[in-house]
Amino acid sequence: AQALELGNFVMGLAPPVLVLGDINSSPQSLVEDEQFQVIDNRPAYALLTAFPLQDVWTLQHPATDDPGFTFGQNETVDNPESLRFERIDYVFANFGTLVPKQIKAEVLGEDPDDRTPSGLWPSDHAGVGVKVGFER
C-alpha cells in the first residue's frame, strides 16, 4: 500500500525526480519456487519500477555485475565479517526527457575499514550513493 501511494505521488511530480529509501523489497521479491508458490511476497520493488521509476543501481550495474547488497549486518552491528545478503535500499529516478551521460552508483559503509574503532559497522544497512551527470 505504501509503495502504491509513493508511486502515485511521484506520478504527479514533474521530472526529474529521485526517490530514496529502504523499501524492504528487492528485485528477487515475488520469485516463485518450482511449485509456483511465492517465496518472498514483498512487492514494493516491482510496484515502484512499474511506475516511471528506474532503479539507478541497475543503470550502472547489469544483473550479472555487483548485486549491491545493502542489508544484513546483525542488529548489534558487531559481526566481524560483513553479513550483507540482500539489496533493499535504493535510489529510484524518473529523468523524464533528460538522458544521463554518466552514472556512478556505489554501496557505502560496507568495507571493513568503514567500521568504528571498536569494530562496529556504521549500520545494519549499507548506504547507496549515486552521482548522475547530464550533458549541458
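A pocket here is an open set of points on a 1 Å grid over the protein atoms alone, with protein on both sides within 12 Å along at least five of seven lines, and its lining residues have an atom within 4 Å of a point. Volume is the space filled by probe spheres set on the points, which are joined across faces, edges and corners. The model is predicted, so local features need pLDDT of at least 70 and side-chain atom pairs pLDDT 80 or more, while totals for chains, interfaces and linings use all residues. Residues are numbered from 1 along each chain, and side-chain values use heavy atoms, with hydrogens and water left out.

The largest pocket comes out at about 190 Å³. It has 13 lining residues, with P27, Q28, A63, P67 and R87 closest to the centre. That lining splits into 6 nonpolar, 3 polar and 4 charged residues (Asp, Glu, Lys and Arg count as charged; Ala, Val, Leu, Ile, Met, Phe, Trp, Tyr, Cys and Pro as nonpolar; the others, Gly among them, as polar).

Next up is the second largest pocket, at about 150 Å³. Its lining holds 8 nonpolar residues, plus 1 polar and 1 charged.

As for the largest nonpolar core, 11 residues make it up, including A3, I23, A44, Y45 and L48. Such a core joins buried (under 20% relative accessible area, 1.4 Å probe, protein chains only) Ala, Val, Leu, Ile, Met, Phe, Trp, Tyr and Cys residues through side-chain atoms within 4.5 Å. Helix 2 gives the largest share, 3 residues. Beyond its neighbours within four places in sequence, Y45 is in contact (heavy atoms within 4.5 Å) with residues including I23, P27, R87, Y90 and F92.

Conventions
On a 1 Å grid over the protein atoms alone, a cavity is a set of points where a 1.4 Å probe fits but cannot get out, and a pocket is an open set with protein on both sides within 12 Å along at least five of seven lines; lining residues have an atom within 4 Å of a point. Buried means under 20% relative accessible area, exposed over 50%, partly exposed in between (1.4 Å probe, protein chains only). Helices (H or I, at least four residues) and strands (E, at least two) are DSSP runs, numbered from the N terminus.
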